[in-house]
Amino acid sequence: MAQADLAWLRTLYQRYGAGDVQAVFDHLSPDVEWISNRESPVFAPMSGTFRGAEGVRRYFDGLIRDWSIDRHDMLDITVEGDDVRVTNLVGATYRKTGKRIETVTHHHLRVNNGRIERFEERFDDAVVALGCEADCGGEAGAAARLPG
């Protein structure tokens, strides 16, 4: 993928930053693999490996249920072939505690013909834990995950 072919991805991130989650689903490969901080105890409902659109829907259902995201700014994007890395600044409030955090997220995507085939997200669990306090994690997250 050339830098010039990134317009759709930049638009996707802009739409998502404005609250349009459907923008992500419009560009998923049918057999997408979606990974977020593998087995993170402080982010359990949205942590692990999710497969296909239904798996990604479970990820977003947990995210939207627990967090209110008010900032999602793309800081940097680099491309090598179909390998894309995106760095973002995310601001969010944990709904149960009302505590707001800001953290940098690192996304590693494999894209092909305008479709996301693989997405991996990393962020600092310690920052997320500040928003959750002792309330993060639990059985709800374990039930939502598929085996990795």
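Contact here means heavy atoms within 4.5 Å. The structure is a predicted model.

**Overall layout**

The protein chain has five helices and six strands. Read from the N terminus, these elements follow the order α-α-β-β-α-β-β-β-β-α-α. Some values for the whole chain are listed below.

| Property of the protein chain | Value |
|---|---|
| Buried share of the 148 residues | 46% |
| Share of contacts joining residues at least 24 apart, among those between residues at least 6 apart in sequence | 53% |
| Accessible surface | about 7,300 Å² |
| Part of the accessible surface belonging to carbon and sulfur atoms | 50% |

**The nonpolar core**

The largest nonpolar core holds 36 residues, and the members that touch the most others are W34, F60, W67, L109 and I116. Helix α1 (residues 7-17) supplies the largest share of this core, with five residues.

Apart from neighbours within four places in sequence, F60 is in contact with Y16, V21, V24, F25 and W34. W34 is itself listed with F60 among the core residues touching the most other members.

**Helix α3**

Helix α3 covers residues 52-66, a run of 15 residues. From the first C-alpha to the last, α3 reaches 22 Å, close to the 21 Å expected at 1.5 Å a residue. The buried residues of α3 are G52, G55, V56, Y59, F60, G62, L63 and D66. Viewed down the axis of α3, these buried residues fall within an arc of 160°, so they line one face of the helix.

Definitions and conventions. Residues are numbered from 1 along each chain as its sequence is written. This is a predicted model: local features need pLDDT of at least 70, side-chain atom pairs count only at pLDDT 80 or more; totals for chains, interfaces and linings use all residues. Side-chain values use heavy atoms; hydrogens and water are left out. A nonpolar core is a set of buried Ala, Val, Leu, Ile, Met, Phe, Trp, Tyr and Cys residues joined through side-chain atoms within 4.5 Å. Buried means under 20% relative accessible area, exposed over 50%, partly exposed in between (1.4 Å probe, protein chains only). Helices (H or I, at least four residues) and strands (E, at least two) are DSSP runs, numbered from the N terminus. Accessible areas come from the Shrake-Rupley method with a 1.4 Å probe; for residues, only the protein chains shown count as cover. The expected span of a helix is 1.5 Å times one less than its number of residues. The arc is that of the directions from the helix axis to the C-beta atoms.
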